[in-house]
Amino acid sequence: MSDSAQNTTSGFTTVQAYTLAVITLAIGIAVGYFARGSAPVSPNAESAQAAAPAAMGSAPVGAAQLPGIGSAQQQQPVPPEALAKAAQPLLTQLQNNPKDFDTITKLANLYYDSQAYAQAIEYYEKAVAIQPDNADVRTDLGTSYWYIGDADKAIASFEKALAIRPNHPGTLFNLGIVKWQGKKDPKGAVVVWEKLLQTNPDYPQKDQVQMLIERAKMHGTNVTKG
């Protein structure tokens, strides 16, 4: 467990700590992994994963280790040599056209899907510099910041995405997670998730979001009583 997770329970009673453990387990079951803002898993990332399945290691250190998030990641990190091989064709394309938004975004997605979040951030930043009004890419940028342990930059990126698309379901979903787990603000998470359900009544995971709302309310009550 990371230092962030340990600090969360440091001021709680035994009952409250147990309740928090139940809550974070529920997050892991309900969430699985963050909502992607832009493209699904990159084909290059799948190729990199297939290239060396026996060499996959543990999850990267940082916020990805937080309970209920990193533990439920859908993939293991890709070995550097396999990732470099998968990225090379896209890097070659960028040599010919350094401002090609589509190629930059594909490369960022490849790094994201391979859990190379620092490299993903580098290219998502380049992408939003070209298309600053792209809410999907800003969402993935924010999620990448969360996975390297920077909740503040994650929230700032999500808020910029919501300024562009105020009801973006993936952004609202992810913002709620970071407010709760990153900023210890379950009430703030509830506000965000309730907006998600109000503005996206057909959201496919609405039952899981409602469960998260109930758990966050329980967590907020326990913290207040403590």
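**Aromatic pairs and burial**

Me: Y203, buried or exposed?
Reply: Y203 counts as buried, since its relative accessibility is 11%. Buried means under 20% relative accessible area, exposed over 50%, partly exposed in between, with a 1.4 Å probe and protein chains only.

Me: What kind of model is this?
Reply: It is a predicted model: local features need pLDDT of at least 70, side-chain atom pairs count only at pLDDT 80 or more, and totals for chains, interfaces and linings use all residues. Residues are numbered from 1 along each chain as its sequence is written, and side-chain values use heavy atoms, without hydrogens and water.

Me: How many aromatic pairs?
Reply: Six. Rings of Phe, Tyr and Trp (its six-membered ring) pair if their centres lie within 6.5 Å; planes under 30 degrees apart are stacked, over 60 edge-to-face, the rest tilted.

Me: Why is Y117 with Y147 stacked?
Reply: Their planes are at 25°, so the pair is stacked, and the ring centres are 4.7 Å apart.

Me: Where do they sit?
Reply: Y117 is in helix α6 (residues 117–130) and Y147 in helix α7 (residues 135–147), 30 residues apart. Helices are DSSP runs of H or I, at least four residues, numbered from the N terminus.

Me: Which residues cluster?
Reply: Y112, Y117, Y124 and Y147 make up one aromatic cluster.

Notes:
Helix = DSSP H or I, 4+ residues; strand = E, 2+ residues; numbered from the N terminus.
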